[in-house]
Amino acid sequence: MTTIVRFRVGDAPYAMPVERISEVRSARDLTPLPDPRDGVAGLMRRGDSTITVLTMSERAGRHVIVIDSGAAEFALLVDEVTGVHRVDDASVRPSPAGQRHGVVGGVVADGAELVFLLDVSALARRLTP
């Protein structure tokens, strides 16, 4: 069994392992960059440092999920955090073909809905050019 945190970006459901998430915060303290790369929403203070906030949508999100990839700490702008769930490892399907950046590491069927499991390492690679 794996414990995941589920969230939404637009109408799409996503999740990631709970052990990779440090905290969930309001997006009100997000400072947009003047000329960001694609997929970067801006910066946010975290203690005495700043972290880069990534986005998967052009929309403004309401929450920021702070992620620890092991190699780097960064955040992801999301619309809504919908809960913490346990999923059977056997129910996780492989990464779907056809992705440009490979950020979806697997898929879980939850009734009629497909939940995209994000690959934290692939997201972290978006931090470097």
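The model is predicted, so to speak of local features requires pLDDT of at least 70, and side-chain atom pairs count only at pLDDT 80 or more, while totals for chains, interfaces and linings use all residues. Residues are numbered from 1 along each chain as its sequence is written, and side-chain values use heavy atoms, with hydrogens and water left out.

Let me begin with the interior. A nonpolar core is a set of buried Ala, Val, Leu, Ile, Met, Phe, Trp, Tyr and Cys residues joined through side-chain atoms within 4.5 Å; buried means under 20% relative accessible area (1.4 Å probe, protein chains only). The largest such core has 21 residues, and Phe-7, Ile-67 and Leu-76 are among those with the most contacts inside it. Its contributors of at least two residues each include strand E1 (2–9) and helix H1 (120–125); strands (at least two residues) and helices (H or I, at least four) are DSSP runs, numbered from the N terminus. H1 gives the largest share, four residues. A second, separate core of 10 residues includes Ala-41 and Val-53.

I turn now to the sheet. Two strands pair if DSSP finds at least two bridges between them. Six strands form an open sheet of mixed pairing, in the order E3-E7-E8-E6-E5-E4. Strands E3 (21–26) and E4 (31–32) stand at the edges with a single partner strand each, so one side of each has no neighbour in the sheet. E3 pairs with E7 in the antiparallel sense over five bridges, and Glu-23 has Val-66 as its bridge partner in E7.

Finally, E11 and E12 form a hairpin with two residues between them.

Key. Buried means under 20% relative accessible area, exposed over 50%, partly exposed in between (1.4 Å probe, protein chains only).
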